[in-house]
Amino acid sequence: MNTKVGVFLGLGANLGDRRATLRAAVRRIREVAADVRVSSLYESAPWGVTDQPAFLNAVARGFTDLPPLELLEAMQSIEGELGRLPGTRWGPRAIDIDILLYGAESIDQPRLVVPHPYMTQRGFVLRPLADLAAGLTLPDGSLVGELLTTVDQSDLRRVEGPEWAE
């Protein structure tokens with residue numbers, strides 16, 4: 001019997017019909033994960049490369065029996081189907097799906113680092129993650145809700161509640 005692992009996925013888009021692309025991503029995620037819930041939808045200024053359009057961001061939580069690298073491959077496949085093209089790191093993109101957390105595991109492999117190495121520095125990740133699990137303890141012992149108080153959220157705007165994905 002396969003045991004399902006709880007996963008949190010960061011979703012972002014800043015090209016094309018951002019909301020429609022994120023909705024399509026959630027529909028596809030529901031094909032590889034069970035009991036998927038989504039956060040509210042947020043608009044944020046770009047991070048890293050700042051000369052680009054604003055992003056829409058959300059977090060999805062679900063349960064999967066895929067091992068971590070197979071989950072990564074599934075998310076990359078969804079990104080490709082939805083128009084993600086190779087480009088500049090942190091540059092504009094039709095869709096971005098990051099594995100933020102894979103159960104309570106810490107993974108450090110060339111293709112995958114979990115928890116996501118930048119998630120604790122990004123309000124556009126922590127705010128929607130807190131929508132779903134403010135009391136969640138990360139593998140390093142920190143609490144999502146407490147981390148949220150340490151990041152700048154001044155450029156973050158809630159656009160719509162979790163019904164955006166329906």
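In the predicted model, helix 1 (residues 18–29) and helix 2 (residues 68–81) pack at an angle of about 145°, and their axes lie 10 Å apart. The crossing of helix 1 over helix 2 is right-handed. On the side of helix 1, the contact is made by Ala25, Arg28 and Ile29; on the side of helix 2, these residues meet Met75, Ile78 and Glu81. Sorted by class, the contact between the two helices comprises four nonpolar and two charged residues, with no polar residue.

The two helices belong to a chain that has four helices and eight strands. Read from the N terminus, the order of elements is β-α-β-β-β-α-β-β-β-α-α-β. The C-alpha trace spans about 45 × 35 × 35 Å along its principal axes. The radius of gyration of the chain is 15 Å, which agrees with the value near 15 Å that a compact globule of 166 residues would have. Buried residues account for 48% of the 166 residues. Among contacts with a separation of 6 or more, 71% are made by residues 24 or more positions apart.

Helix 3 (residues 123–133) is mostly covered, with nine of its 11 residues buried. The buried residues of helix 3 are Gly123, Phe124, Val125, Leu126 and Pro128, together with Leu129, Ala130, Leu132 and Ala133.

Charged side chains were examined next. Side chains of opposite charge can pair when their charged atoms come close. The count in this model comes to 11 salt bridges. One of them joins the side chains of Glu166 and Arg30, with an N to O distance of 3.8 Å. Glu166 lies in the segment after strand 8 (157–160), whereas Arg30 lies in the loop between helix 1 and strand 2 (34–38), so this pair ties together parts that are 136 residues apart in sequence. Glu166 counts as exposed because its relative accessibility is 67%, above the 50% limit. Arg30, at 33% relative accessibility, counts as partly exposed.

A salt bridge also forms between the side chains of Asp35 and Arg61, at 2.9 Å from N to O. This pair links distant parts of the chain, as Asp35 belongs to strand 2 and Arg61 to strand 4 (residues 55–64), 26 residues apart.

In the loop between strand 7 and helix 3 lies Pro115. The peptide bond leading from Val114 to Pro115 is cis, with omega near -5°. Gly16 lies in the loop between strand 1 (5–13) and helix 1. With a relative accessibility of 71%, Gly16 counts as exposed. The C-alpha atoms of Gly16 and Asp155 are separated by 21 Å, and the two residues are 139 residues apart along the chain.

Key:
Residues are numbered from 1 along each chain as its sequence is written. This is a predicted model: local features need pLDDT of at least 70, side-chain atom pairs count only at pLDDT 80 or more; totals for chains, interfaces and linings use all residues. Side-chain values use heavy atoms; hydrogens and water are left out. Axes are lines fitted to C-alpha atoms, for helices over the stretch in contact, and angles run from 0 to 180 degrees between N-to-C directions. A crossing is left-handed if the near helix is turned anticlockwise from the far one by less than a right angle, and right-handed if clockwise. Contact means heavy atoms within 4.5 Å. Ala, Val, Leu, Ile, Met, Phe, Trp, Tyr, Cys and Pro count as nonpolar, Asp, Glu, Lys and Arg as charged, and the others, Gly among them, as polar. A salt bridge is a side-chain nitrogen of Lys or Arg within 4 Å of a carboxyl oxygen of Asp or Glu. Buried means under 20% relative accessible area, exposed over 50%, partly exposed in between (1.4 Å probe, protein chains only). The radius of gyration is taken over C-alpha atoms; the globule rule is 2.2 Å times the number of residues to the power 0.38.
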